[in-house]
Structure formats: structure tokens, C-alpha cells
Amino acid sequence: MKKILLLLALPLFAQAQQIDKIITRAETERIETYLASNELAGRKPFTPGIEKAAKFIAGEFEKAGLQKTNGTYLQTFPMFKSQLISVSGNADDKSLDSKQVAIISKEASLQIDEKSGYEVVNVKEGENFGQIAYRIMSATKPTIAFLHESFAKFIPRLSGRGPLREGQANVIFVVANTVPASFKIKANLQVDRLELSNVVGILPGKSRPNEYVIFSGHYDHLGIGKPVQGDSIYNGANDDAAGTTAVMMLAKYYAKKRNNERTLIFAAFTAEESGGHGSSYFSKQFNPDQVMAMFNLEMIGTESKWGKNSAYITGYEKSSMGEILKKNLVGSAFTFYPDPYPEQNLFYRSDNATLAELGVPAHTISTSKMDSEPNYHKASDEVQTLDLDNMTEIIKAIATSATSIISGKDTPSRVDTTKLK
């Protein structure tokens, strides 16, 4: 039995020696430290900081020898930034307070009433506003939502919502405890057409070039906010400079090996924090049937709840991908677990979601303790809070676990879209 186990472990040992020479702690630190530096000022969309980050990632892809698309690593798409200038109106002949209205639109002027064909939604006291607001914002039909006054606190945040996609339907939120029989609303907005960019590099497959395996993470964060103990930069070291670092390290590793039978696509997404716009645009560029798997990497810089050499996979039960990854790690010190925070709906909240909704076995790998992560979305999310040794081992484990998928030996089962929320 010992001889059999030794024979099984030999290929894993040989691969580990190769990985150790390419995926190093020093390289992890170099990339992570720059992406989470104050120079990039929190990598918020439409800022010089995120443009610097994109240029850096593209430069690293070029050094690795990844292919471009149409002569560039930047996958650029239009977005719209809107700001409410004025709003007036009435509901059941009672004048509306402008501070009780939020408008999400890429139109410069709006004038609607109860006969305008808008979908009407009534958000009642005690309902889950976050889930309802997400559905409303994602609607393809113009919608007006009347909110119970207990949700009035969300109006300022909704008013600042953005950026907006090209296909964004008009959405209006009004604080009103009941749905009025009649209403009129008139608004003027300043609308600017802007551009955002994902950063995408390609390593063509040797024998299965039309079958794709994607490694992704988002490189945007929250930018500059309210100072906390003198620090106003939300560096996003774990969220998600860590995941982006992993994508770049994996790109370097596979580019040096160049033994991938399937085509590998490495993607750093923009605007995850403001609505998943980057991954949404990216997902529309593919025939989903050709995407065999997606490894989305999110917040892997801290130890998981199980300690070192471990991580979890969101939506573990929705495809066979997790079981394949675990099989490829037999004999190693590393273990993958199912998502321990199902109540957080993480499978639906990260950049894997848009491809998963199309049936792709697309999952997020993370270590973040979502019930007790002290630096999540705070200015304190900085490099010194990360365990870079453990993070490097996680990246190595992902490289090893993906081996049979990128070789074409294993193909994860598809996500059953009829069972998604």
C-alpha cells in the first residue's frame, strides 16, 4: 500500500518542484504590493489609479507572452455616469420631496406618470430590500419602486449608483408607504459617456483551441473614502488585489509550461464593486458552450476558517468542478471545501455569476471569513494584513488542481440553470 501511495504522489511531487520555481513568495509580494499601493489610490473606476493598474496588468501579461485580442490586452466597453440635477413631481396630488427620490437612468431628461408603462413595485416594511433592489436594478423594463419609509436611508446610496450599462433600463425609487393611484415625476440629469476596460490575455490551446478555461479576478476597488485614523485610501489588498495577483501568477506559470491543451484566458475585471459590469460584458463575448470552466479568485490573502492550506469553492454542489479539483490535490497538504457561508449567497455575488447563469461551471475560490473578516471594505485592507506565504501556497494549489481540466482529461459538469435563484 505504501508503494502504491508513493507512486501516486510522484507526479504531484515533480509538478510541485516546477511550481516552486515559478510561483514564488517574492513574486506574489511584488505584484500584490503594487496593486494595493497608495499610488493606485484604491483603483476606483474612472480614476487615474485604476488606469495605472490596468497598464501594469497588461504589461505583466505581455512579459508572460500572452496573446492580445485585436492588438490589445484592454477589453474596453462603454458605460454611463449620471448625476441628478433636479427632480419634481407629485403622488396623489401631494408634492414629492426631492430627497426622497432616486433615479437611475442614462437619459438626460425624464417625464413620467402612471400611464407611462413603467413596472410598479411596492417594497413593504420588513422585506429584504437588498435582494429586491438588486432585481429592480437588473430589470430590462422601466420600473418605479415605491419604498416604505423604513428604507429611506438607502436613497442617497441609490442616487449615487453607477456606472450604468448601455442597456440600463430607467429605474426610479420613491419613498411612499403606499402605491399612489396617480403620480407625475419630472427629472433632469447630467449624463456622461465613459469607458471602462477589463484586461484580458490568452494562451492558445495545443489540441483544443476552441475549448476555454478562464482564470479571473477583479482589479477594481472602492477608491478614496472617509478618513479612518488618517487613512482615506481603500487599498483593497485582499479585495481583490489578491485574486488579481493570483491570476497574473497563474498566467506566468502556464505561459512558461505551455502544455495546455485547452485555451486559457486570464481576465482582470473592472467595476465588480459597482455592479459586476466588467464580468457581465466579458461573458457576452463567448459562446458559453465553449467555456469548460471558470476559476474566479476572490479574497485569498487571509487564512480560511480551517487555517492554512485550505480554501472554499462557492456553489460547490452546482457542478462537479470542486470534486475534480479535490481529486487533483490528493497527496498534497491542501484541501478545498464547500462554501461555509451559504446564507451570504456568495455564488451569486462575485464575477463567476454571469457565466454560471449561462450554464458554465463557473465558481469562485476564496478564503475570506465572511462572518468575521475585520478589514473587509475598510481602509485597513492593506498588504500587511495578508499572509503572503499562505497566499502563495493557495496559488500553487489552484495551479495543481486545474491540471486535468486544462489538459482536457476532465470536464466539469454544467450548472443546471433551472435550479439557480
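Which residues have the most contacts inside the largest nonpolar core? They are F61, F215, Y254, F266 and F295, and the core they belong to has 63 residues. Here, a nonpolar core is a set of buried Ala, Val, Leu, Ile, Met, Phe, Trp, Tyr and Cys residues joined through side-chain atoms within 4.5 Å. Buried means under 20% relative accessible area, exposed means over 50%, and partly exposed covers what is in between (1.4 Å probe, protein chains only).

A word on the model before we go on. This is a predicted model, in which local features need pLDDT of at least 70 and side-chain atom pairs count only at pLDDT 80 or more, while totals for chains, interfaces and linings use all residues. Residues are numbered from 1 along each chain as its sequence is written, and side-chain values use heavy atoms, with hydrogens and water left out.

Helices (H or I, at least four residues) and strands (E, at least two) are DSSP runs, numbered from the N terminus. Y254 touches L203, F215, L264, F266, I398, A399, A402 and I406, leaving aside residues up to four places away in sequence; contact means heavy atoms within 4.5 Å. A second, separate core has 19 residues, including I104, F151, F173 and V175.

**Strands**

Strands of a sheet pair through backbone hydrogen bonds, either parallel or antiparallel. Two strands count as paired if DSSP finds at least two bridges between them. Strand β9 (residues 208–218) runs parallel to strand β12 (residues 262–269), and 8 bridges join the two. Within this pairing, I214 stands opposite I265 of β12. β9 also pairs with strand β13 (residues 291–297), again in the parallel sense, over 5 bridges. There, A293 in β13 is the bridge partner of V213.

Elsewhere, 4 strands make an open sheet with mixed pairing, in the order β3-β7-β6-β5. Why is one side of β3 and of β5 left without a neighbour in the sheet? β3 (101–104) and β5 (119–123) stand at the edges and each has a single partner strand, so one side of each has no neighbour there. From one strand to the next, the twist averages 15°; the axes behind such angles are lines fitted to C-alpha atoms, for helices over the stretch in contact, and angles run from 0 to 180 degrees between N-to-C directions. β3 pairs with strand β7 (residues 171–175) in the antiparallel sense over 4 bridges, and A102 stands opposite F173 in β7.

**Aromatic rings**

A pair of aromatic rings is described by the distance of the centres and the angle of the planes. Rings of Phe, Tyr and Trp (its six-membered ring) pair if their centres lie within 6.5 Å; planes under 30 degrees apart count as stacked, over 60 as edge-to-face and the rest as tilted. By this rule the model has 20 aromatic pairs. Two of them are set out here:

| Pair | Type | Centre to centre | Angle between planes |
|---|---|---|---|
| F61 and Y73 | edge-to-face | 6.2 Å | 70° |
| F129 and F154 | stacked | 4.7 Å | 15° |

F129 and F154 are buried.

One aromatic cluster is formed by F215, Y253, Y254, F266 and F295. There are also charges over rings: the charged end of K106 sits over the ring of F80, 5.2 Å from its centre, and K318 lies over the face of F347 at 5.5 Å from the ring centre. The rule here asks for NZ of Lys or CZ of Arg within 6 Å of the ring centre and within 35 degrees of the ring normal.

**Backbone details**

Most residues other than glycine have a negative phi, and most peptide bonds are trans. The peptide bond from D239 to D240 is cis, with omega near -5°, and D240 is found in helix α6. A271 has a positive phi, near 55°, and lies in the loop between β12 and α7 (277–283). Is A271 buried or exposed? A271 counts as buried, because its relative accessibility is 0%.
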